[in-house]
Amino acid sequence: MAALAPPATTGAAVLHRIGAGPKLLGLCACSVALLAVRSPAGIAAAVAGVAALYALAGLGPRALWSQVRPLRWFVPAVAAVAAVQWWLVGPLAAGVLTTRLVVLVALAGLVTLTTATTAVLGALERALGPSRRVGADPERAALVLALAVRTVPVLGALATRVREAQRARGRERDLRAFAVPLVVGALRQADALGEALRARGLDD
Amino acid sequence: MRVALDDVHVRLGGRDVLRGVTLEITERRVAVIGANGSGKSTLARLLNGLVLPTSGRVLVDGLDTRRRGRDVRRRVGFVFADPDAQIVMPTVAEDVAYSLRRSGLSKRQVAARVVAELERQGLADHADHPAHLLSGGQKQLLALSSVLAADPRLVVADEPTTLLDLRHARAVTERFAALEQHVVLVTHALDLVAGFDRVLVVDDGRVAVDDVPEVAVPAYRRLMGC
């Protein structure tokens, strides 16, 4: 899902060429395996392994940081968990737990950076294929995910516009003056998107 | 290409938006102008079956939009004012490819078509970029590329340059002018319609003037009192 990050250098490195399905399965397997790692030495090896994978993909430390950075919003929560762990199991185990979380996010970010959205959606569509027998529509489920990815920056831009309008009128701190236009704008955007999908033959 | 409206009335939300429109369109370049709320956007949406007539009927190459909506939409592409609402896929090439998803083409053929279409619109360098990083004008060109990839015979555009700056508006207008397809363009930019074959002036739910630009545009100005 390269769209969430700066443009991926598609096709350049080894990791880009692995299919989305195997990559997602690999991510699952690595994540489960990581849960079993308890020792500081093991977690250090995991950190080195992820760094090596980034290097293999031709991605530098900056790309790695950009994937892990959003975690800072969760720092209070992570710190609270770490503090409780510290108290319960000691500083070493708390450090292992926290590092494991960062490694997991970095690993998932690596898949994001090296896989085109359509490839992920294609893999998902194939995986959901059997659900067709119970009346589900895998193609539509995949489309919903694509729309969600596409809508994140659109809503981000909308929020910026609303905040600017708010600032222009000197109402920065009024939560309602921010939320109402944002929700109304999002609903209008959804209407327009529905119309566009119909025009492009979604329901035909 | 022949589009026919036969005494079309449209009632939306308790308001008569169109009140008895009968038209036959065969020209390659047709512009629709009119005040806000006059019904011109609804008129445009009738042409691909996005809006169905409350009474009367719309035929596109003999196909009724009410019963053959799917076939009509294959023939008629639609470009909206806000390209952000129209781009459904996260990256540029993926959005164009979405138009070809049921074309029966192989993966390689789809990729080739996408590249060709993006090259034509000057977007080839952006193929793998996220759509939200494009400028407003580039987004509108992407929306046009995605519509053209499906190979329609008629392109309907509802104020495609309204949100664009002068330079991008001109670029988008030039692309429209160069299309081999038939075009129905809804616009407020009166200077854009000079080269068109026919101009419809919509006023209060009816086609008030139906003539060449030299006659229709001055008539519209008189109608608006400016």
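Guide: Domain bounds are those of an automatic or database domain assignment. For chain A, that assignment gives domain 1 (2–115) and domain 2 (136–199). This is a predicted model, in which local features need pLDDT of at least 70, side-chain atom pairs count only at pLDDT 80 or more, and totals for chains, interfaces and linings use all residues. Residues are numbered from 1 along each chain as its sequence is written, while chains are lettered from A and ligands numbered from 1 in the order in which they are written.

Visitor: What makes H7(A) roughly antiparallel to H8(A)?

Guide: Helices are DSSP runs (H or I, at least four residues), numbered from the N terminus. Helix H7 (residues 117–128) and helix H8 (residues 138–168) of chain A pack at an angle of about 150°, their axes being 9 Å apart. Angles over 145 degrees count as roughly antiparallel (under 35 as roughly parallel, 65 to 115 as roughly perpendicular, the rest as oblique). H7(A) is therefore roughly antiparallel to H8(A).

Visitor: Which residues of H7(A) and H8(A) make the contact?

Guide: Contact requires C-beta atoms, placed from the backbone, within 7 Å. Among the residues making this one are Leu121(A) and Leu124(A) of H7(A) and Ala142(A) and Leu145(A) of H8(A). The residues of this contact divide into 9 nonpolar, 1 polar and 2 charged. Ala, Val, Leu, Ile, Met, Phe, Trp, Tyr, Cys and Pro count as nonpolar, Asp, Glu, Lys and Arg as charged, and the others, Gly among them, as polar.

Visitor: How many residues does the contact take from chain B and from chain A?

Guide: The contact takes 24 residues from chain B and 24 residues from chain A. On the side of chain B, the largest share, 4 residues, comes from H2(B).

Note on methods
Axes fitted to C-alpha atoms, helices over the stretch in contact; angles between N-to-C directions. Helix = DSSP H or I, 4+ residues; strand = E, 2+ residues; numbered from the N terminus. Contact = placed C-beta atoms within 7 Å.
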